[in-house]
Amino acid sequence: MGPATAKTDFHWTKEDEPHQRRKREILEKHGDAIRALMRPEPRTVPIVLALVAIQHYVAVTSVSWSWGWWLAAAYIIGGTINHALFLAVHEITHMLAMQSLWGNRVMACIANLPIGIPYAATFHGYHMEHHKHQGWDQKDTDIPTAFEARLLQNPVTKFLFCFFQILFYALRPMIIHAPIVSTWTYVNVAIQVPYLLYLCQDGVTPWIYLLLSTFFAGCLHPVSGHFLAEHFEFVEGAETYSYYGPLNWLAFNVGYHNEHHDFPNIPWSRLPAVKRIAPEFYDNIPQCKSWPGAVWEFITNPALTGFSRVKRMQVNAKKLS
């Protein structure tokens, strides 16, 4: 699946990102059917509330478990739930859970609770830049820095990157440029801190469980392979990949990633319908067959490095701005 030779620099291009063009073409051909999908998904709210409740319950009750069962729960239950909540926050920051702007923002903060630190409002700003400026240098913080890319040249460093992936994704954006601080940021903190104080009234072990669950969620977890699979250049010239396998059931259909980038105002539950309506636009472009397989290939294929990402030329960025 990977390119033939290792990259020593990013794939720089003067071409626009592919999603706006494909969006226009799909709307020209299937406009009415696609526009009918563009509305919030109210089922997101009860799903999020259930996940938050389960994770809170396990965090509190697992305090008395043996360390082996506690760790297993943090990986299997906590990692899976917190990863789903990452993607719930992603979904809600696209304002796709409710009609109300602040309803979505507060719901994102609630989904954020078991993650252990307030991040939903900050994530929103960086993620919107990823959509608006895909591949732009110093704008799209989803792309490894040149320093990271130079390190990710062999199986050992690539394995360590995948193991500590959540730390790279959390810290890189703030290193590249400062986050936007808004009223939502303060609301996020104001909701998170009282929850953590309540959670830790008999000790910090439940909070440690949540933080460890968050680490496992972005570590070598079967679902976390989507971080690599979405945009690393596994096939020369292809910068976004969809995955249509069963792990989407645990991940708010984030595997439908080309569909999501083409139509970020269509919620997770209706992304499969985009592909059914317009299969001619998706069936014949490169796809990811397995998220764990993508991680394995990234680590073991010497042709895949930290430079295996498409970046936009600055001249093109100026033209588009």
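Student: Which residues of H5 meet which residues of H9?

Tutor: In this predicted model, Ala120, Ala121 and His124 of H5 meet Trp184, Thr185 and Asn188 of H9. By class, that contact holds 3 nonpolar, 3 polar and no charged residues.

Student: How is the packing of H5 and H9 described?

Tutor: Two packed helices are described by the angle between their axes together with the distance between those axes. For helix H5 (residues 120–132) and helix H9 (residues 183–199), the angle is about 145 degrees and the axes lie 7 Å apart.

Student: Why is leucine 220 called partly exposed?

Tutor: The relative accessible area of leucine 220 is 31%, and the term covers values between the limits of 20% for buried and 50% for exposed, so leucine 220 is partly exposed. Leucine 220 sits in the loop between helix H10 (205–217) and helix H11 (226–229), and Leu220 belongs to a nonpolar surface patch whose residues together have about 820 Å² of accessible area. The largest share of that patch, 4 residues, comes from H8.

Student: What makes the pair of aspartate 262 and arginine 22 a salt bridge?

Tutor: Their side chains meet at 2.7 Å, N to O, and the rule asks for a nitrogen within 4 Å of a carboxyl oxygen, so the pair qualifies. Because aspartate 262 lies in helix H12 (residues 257–262) and arginine 22 in helix H1 (residues 18–35), the pair ties together parts that are 240 residues apart in sequence. Both aspartate 262 and arginine 22 are buried.

Student: What makes glutamate 41 and arginine 270 count as a salt bridge?

Tutor: The closest N and O atoms of glutamate 41 and arginine 270 are 3.9 Å apart, which is within the 4 Å cut-off, so this pair counts too.

Definitions and conventions: Residues numbered from 1 in each chain as written. Predicted model: local features only at pLDDT ≥ 70, side-chain atom pairs only at ≥ 80, totals over all residues. Heavy atoms only, no water. Axes fitted to C-alpha atoms, helices over the stretch in contact; angles between N-to-C directions. Helix = DSSP H or I, 4+ residues; strand = E, 2+ residues; numbered from the N terminus. Contact = heavy atoms within 4.5 Å. Nonpolar A, V, L, I, M, F, W, Y, C, P; charged D, E, K, R; others polar. Patch = residues over 30% accessible without salt bridge, like charges linked within 9 Å, V, L, I, M, F, W, Y side chains within 5 Å. Areas by Shrake-Rupley, 256 points an atom, 1.4 Å probe, with all protein chains shown as cover. Buried < 20%, exposed > 50% of the residue type's maximum accessible area, 1.4 Å probe, protein only.
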